[in-house]
Amino acid sequence: MSEKKLNLTLKVWRQKNAKEAGNFITYKVTDISTDMSFLEMFDVLNEQLINKGEEPIAFDHDCREGICGMCSMYINGRAHGPAQGTTTCQLHMRKFKDGDTITVEPWRASSFPVIKDLVVDRSAFDHIISAGGFVSVNTGNAQDANNLPVPKNDADNAFAAAACIGCGACVAACKNSSAMLFVSAKVSQLALLPQGQIERETRVLNMVKTMDDEGFGSCTNTGACEAECPKEISVENIARLNREYLMANLK
Amino acid sequence: MTKLNSKIPAGELETKWTKYKSTVPLVNPANKRSIEIIVVGSGLAGASAAASLAELGYKVKCYCFQDSPRRAHSIAAQGGINAAKNYQNDGDSVYRLFYDTVKGGDYRAREGNVYRLAEVSANIIDQCVAQGVPFAREYGGYLSNRSFGGTQVQRTFYAAGQTGQQLLLGAYSALERQVGIGTVTMYSRHEMLDIVLIDGKARGIIARDLVTGKLERHFGHAVLLCTGGYGNVFYLSTNAMGSNVTAAWKAHRKGAFFGNPCFTQIHPTCIPVSGDHQSKLTLMSESLRNDGRIWVPKKKDDNRKPVDIPEEERDYYLERRYPAFGNLVPRDVASRAAKERCDAGYGVGTSKMAVYLDFTFNTMRYGRIEANKLGIQNPSEAEIKKLGKEVVKEKYGNLFEMYEKITGENPYETPMRIYPAVHYTMGGLWVDYELMTTVPGLYALGEANFSDHGANRLGASALMQGLADGYFVIPYTIGAYLSGDIRTKSIPTDHPAFVDAEKKVQEQLDKLMNIKGMKSVDHFHKKLGKIMWDKCGMGRNEKGLTEAISEIRALREEFWKDVRIPGTQNEMNLELEKAGRVADFIELGELMCMDALNRKESCGGHFREESQTEEGEAKRDDDKFSYVSAWEYKGIGSFEMHKEELVFDVVHPSQRSYK
Ligand SMILES: Cc1cc2nc3c(=O)[nH]c(=O)nc-3n(C[C@H](O)[C@H](O)[C@H](O)COP(=O)(O)OP(=O)(O)OC[C@H]3O[C@@H](n4cnc5c(N)ncnc54)[C@H](O)[C@@H]3O)c2cc1C
Ligand code: SF4
Ligand code: FES
């Protein structure tokens, strides 16, 4: 792919900390290679700010490979930006045009309070997992792995659900700030596998309760979550979660 | 010179661990409840250790610098995890996994440790499957395997190209379960900045809350460092951006010896550097070498498109040089062979620093098999390709997508361009058989320790080692220490040792903030990376290493005079975090070069140009260098080396051959 250079205007949300109000600040960057990732473009901007003696923009990131789920920018009104099935760190500048103005905000959801600039607090997701997103098997309990064959189809579907990276884009994309896609992915993974059967009911009840307690909104089936999910987790999982929840409540 | 005691149990190799387990002192359940353990790190090693120790009844505190323990760098591991299950009936065994690992490591690892690793490997798979880790399966419902480099059996378990993710999410779920029960307290967005020693024993840590910037004191009867590897000393590596040596380095400065610091793994198949803006390099999993063939044009500066270069004008140099292992030679061998071709002028791509990894051959092979399965008579080329593509997609889909996102090229249609990149560090804190460092009560697990992989790690063995350490080794070995500690009450953190340690950390932060220099942290990190890559990378020699040492010293001086860190300490300050890490990397870089200079032989990933065979292979010198170098910190830029001689009772070191 041949490399091109871009000049861009960026409108970035700056917020000193959780208590103070934030606002957009406009920056210019020049000579941005189309081979760069979106975060590398931010590196260039930050280097520019540091050299001017200003504070760089705080943003979350770690793996830069689309797998850790840490990066979390809301770009031009879309969680993780314009590319389908792509995290912010895997978004490359060849998706943009010379002269573009790009607006960058943090995830917006009351359950994900802003910590600083583009960094938000997603610990609510950990709380949901600790309420039930596991199989209660202590180290050493396990039997031989091949004693329990799992139909390939179930294993594949469980894997597809387990691919969720816990980034929170689904919440940010949803007008109700619902966490249903995230929760349903974990519930589905374990409901599809024989290992998950024993705690099937308590799991879904506890996870949904914690989801509500953490202040996430309800699901009104708009499908925005699936559209923005970088791992393309299917809303079919939400249907499964609803069934699981109903069944568990009937017992 | 201190005598290093590796505490390898006496007796036959096969019975050492069993005997150890049945005789190690235990801590009774009531006492466990009043013992606190600090686990720094929540990757495979940390999460599995924290969960398993909490299940046993200990009170655990776990730390990570990311916003959630689920994001530890282990999440990025792609290809798979080894285990001696012999599910494929292809002749695998504990002994063979042990042997492959010792040989793959070029005979620079301890037999006792490696044998134990191979022994517990099977339990890891059982444990993970029980947690609901969705490994790849065959149509019959049983687990699927593939091969990795340096072996001739299929013993690698995998979950597409996301094995690390699935294993870590399994360990994370076990950890979160304990958090829910209240036996583990999790401290995310916390960075450990020092170890607290009381009467010579590790008794706690000083950590910085990365949101408020406040320093905190935490007590533990024992401290486990599960803080990962230090590949980012090279600036560009396949590691996550935050991966660092700080925790291990602070421990080193407090008395923990550093083992084999120069043993670095350069992975042969990574996406090449595309420009100065590059912030990290992306691995293309070794599992791709199962189905990809590596080649360069036979002609120099051949600018034709790869698909236009006919078969007979391609040099499949690995298959040519190493017919027995072909594309599946160990990483160090494959990396050097790629460098050799590129240095000789046969490289491809704009930079000419890349080789092709080509899937056409196997795509078509799979396509034909699928066509047969489906009973399609005389399938067309296009049909075969389509069917084959589906198979390849199922195996490596996410990797192919990643490649396309980064390079803008479609690897189903054109070969990948790849080049070696820094990937893993075999070196790390020196530990004994019990995983204890030279500081009593301070342990190191996972990539943070130096054990098990010798001078070169085989693919799919890091995940195995991290989980072995955390699930199946430390829960036993820690008893040997803590059983002597059941009368030690929790030490209040106003103890002078805590006060003093916090004060020192505070002074270091003040010092960094007050430099108010002109250059960014990244500026220094990039400079360090370049020195390390050029002079302590794939090829090393006396002249280069000597120069590197003085260049790094000069860089250290400059850093402490001229680094600029905007903002303040008492808030989230990502530049300050980076600055602390780079300061430690600079000190480590110097030690790595010293270690590389000292080791005049070539072995595994450590290639001293002065020591090679006529065919250009690494030449070991067992008479002089069959030891682990364990370095003691003696003040900035000053280190003393101790040797742990390696004894081979079972395997006989020979020149490695993959021909
Ligand atoms: C791209 C890639 C692919 C790989 N693929 C494979 C593979 O297929 N198979 C294989 O076997 N191996 C693979 N590896 C290697 C393997 O992933 C790692 O060696 C292994 O995951 C390391 O695990 P760990 O638990 O030791 O450390 P990590 O997972 O790195 O975890 C370190 C933890 O320590 C914490 N930490 C670090 N410093 C501090 C501090 N100062 N204070 C507080 N917390 C701290 C971090 O927050 C993190 O939680 C791969 C590596 C890479 C880079
Ligand atoms: S479901 Fe998708 S968007 Fe939501 S957390 Fe998981 S990966 Fe992110
Ligand atoms: S930085 Fe890890 S997913 Fe983007």
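Biologist: What kinds of residues make up the shell around ligand 1, by class?
Modeller: This is a predicted model, and in it the shell around ligand 1 has 17 nonpolar, 18 polar and four charged residues.

Biologist: OK, and which residues come closest to ligand 1?
Modeller: The ligand is surrounded by 39 residues, and the closest are Gln66(B), Ser74(B), Gly79(B), Met192(B) and Glu447(B).

Biologist: Why call the site of ligand 1 shared between chains?
Modeller: Residues from chain A as well as chain B surround ligand 1, and therefore the site is shared between the chains.

Biologist: Which elements supply at least two residues each to that shell around ligand 1?
Modeller: In chain B these include α3 (44-56), β6 (190-198), β15 (416-425) and α12 (462-482), each of which supplies at least two residues of the shell. Of the elements, β6(B) gives the most to the shell around ligand 1, with three residues.

Biologist: Where do backbone atoms come in for ligand 1, say at Ala462(B)?
Modeller: At Ala462(B), a backbone N or O atom lies 2.9 Å from an oxygen atom of ligand 1. There is also a polar backbone atom of Phe65(B) that is 3.1 Å from an oxygen atom of the ligand, and for Ser461(B) a polar backbone atom is 3.2 Å from an oxygen atom of ligand 1.

Biologist: How much of ligand 1 does the protein bury?
Modeller: Taken alone, ligand 1 exposes 1,000 Å², and the protein buries 98% of that.

Biologist: Switching to ligand 2, which residues come nearest there?
Modeller: Ligand 2 has 13 residues around it, of which Cys164(A), Cys167(A), Gly168(A), Cys170(A) and Cys229(A) come nearest.

Biologist: New topic: what span should helix α10 of chain B have?
Modeller: Helix α10 of chain B covers residues 360-373, and at 1.5 Å a residue its 14 residues should span 20 Å, which agrees with its end C-alpha atoms being 20 Å apart.

Biologist: Which residues of α10(B) are buried?
Modeller: The buried residues of α10(B) are Asn362(B), Thr363(B), Met364(B), Tyr366(B), Gly367(B) and Ala371(B), and what covers them includes α11 (381-407) of chain B.

Biologist: What follows α10(B)?
Modeller: The helix is followed by Gly375(B), whose phi is positive, near 70°.

Technical notes: Residues numbered from 1 in each chain as written. Chains lettered and ligands numbered in written order. Predicted model: local features only at pLDDT ≥ 70, side-chain atom pairs only at ≥ 80, totals over all residues. Heavy atoms only, no water. Helix = DSSP H or I, 4+ residues; strand = E, 2+ residues; numbered from the N terminus. Expected span 1.5 Å × (residues − 1). Buried < 20%, exposed > 50% of the residue type's maximum accessible area, 1.4 Å probe, protein only. Contact = heavy atoms within 4.5 Å. Near = heavy atom within 4 Å. Polar contact = N/O pair within 3.5 Å; in protein donor to acceptor, adjacent residues only side chain to side chain. Areas by Shrake-Rupley, 256 points an atom, 1.4 Å probe, with all protein chains shown as cover. Nonpolar A, V, L, I, M, F, W, Y, C, P; charged D, E, K, R; others polar.
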